[in-house]
Amino acid sequence: MLIRELSLAKTRVRTVPETVTLEEALELLEEYGYRCVPILDETGTIYRGNIYRMHIYKHKSEGKDMSLPVTHLLKNATKYVHTYSSFFSIFFMIKDLPYITVLDDNNHFYGILTHSALINLLQQSWKLDTGSYVLTIAAAGERGDLANIAKAVNRYSDIMSCITLDVEEGPIKRAIMTLEPDATKEDVDKISNLLDRRGYGVIQVEDLRANH
């Protein structure tokens, strides 16, 4: 359901029908101001792929036939997710795309999920607009580390969000925690000292309020 809620619905998405020519598609792309849009079948329900303005330009610059159907240059025909797909599957699909196409339960075109929607979600999840401090805490990656770190932090502040990161270059794990709005610099110092005594290290402190 999360994918459905984050997606830009079909009625708000610019598309081109598979019946148009490359010349007509280019005119539409230039009018929309987009670098690419989805191609749909004649009924407007089946996703065929994406058409990119750059590919049409290249085709035209090489003196090739612009009266060919837009499907001649379609890309990303298999790049899509469903409204019921796992949220994490998006990250593997969207990495090299301007957006990921979303299909409904009937495999019909539902809409698109953009990079900006994902970034906004992460920003909300990390409470960057409402939190006070963000602590980056290093641990050795032992079992129970996250629970121990959270317990120590909770002695002085509620945790509004938490994300863990692995760094490929070494065994050190990082936990990034956003503290409640009322947390103070004194609370951060107490948390840092306590974590240090317990074998963890606060390697970075960011004051979110300093950015506003």
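**Exercise 1. Find which residues Thr101 is in contact with, leaving aside its neighbours within four places in sequence.**

Solution. Contact means heavy atoms within 4.5 Å. With those neighbours left aside, Thr101 is in contact with Tyr47, Asn50, Lys79, Tyr80, Val81, Phe109, Gly111 and Ile112. Last, Thr101 has a relative accessible area of 0% and is buried. Buried means under 20% relative accessible area, exposed over 50% and partly exposed in between, with a 1.4 Å probe and protein chains only.

The model is predicted: local features need pLDDT of at least 70 and side-chain atom pairs count only at pLDDT 80 or more, while totals for chains, interfaces and linings use all residues. Residues are numbered from 1 along each chain as its sequence is written, and side-chain values use heavy atoms, with hydrogens and water left out.

**Exercise 2. Classify the aromatic pairs of the structure.**

Solution. Rings of Phe, Tyr and Trp (its six-membered ring) pair if their centres lie within 6.5 Å; planes under 30 degrees apart count as stacked, over 60 as edge-to-face and the rest as tilted. The structure holds 2 such pairs. Tyr32 and Tyr34 are 6.2 Å apart, centre to centre, with 50° between the planes, and form a tilted pair. For Tyr47 and Phe109, the centres are 6.4 Å apart and the planes at 20°, so this pair is stacked. Tyr47 lies in strand β4 (residues 47-52) and Phe109 in strand β7 (residues 109-114), so the pair ties together parts 62 residues apart in sequence. Tyr47 is buried at 8%, and Phe109 is buried at 3%.

**Exercise 3. Describe the largest nonpolar core.**

Solution. A nonpolar core is a set of buried Ala, Val, Leu, Ile, Met, Phe, Trp, Tyr and Cys residues joined through side-chain atoms within 4.5 Å. The largest has 21 residues, of which Ile90, Ile100, Phe109, Leu113 and Leu118 touch the most other members. At least two residues each come from β3 (36-40), β4, α4 (89-94), β6, β7 and α5 (115-125). The most, 4 residues, come from β6. Leaving aside neighbours within four places in sequence, Ile90 is in contact with Ile3, Ile100, Leu113 and Leu118. A second, separate core has 17 residues, including Tyr133, Ala152, Ile191 and Leu194.
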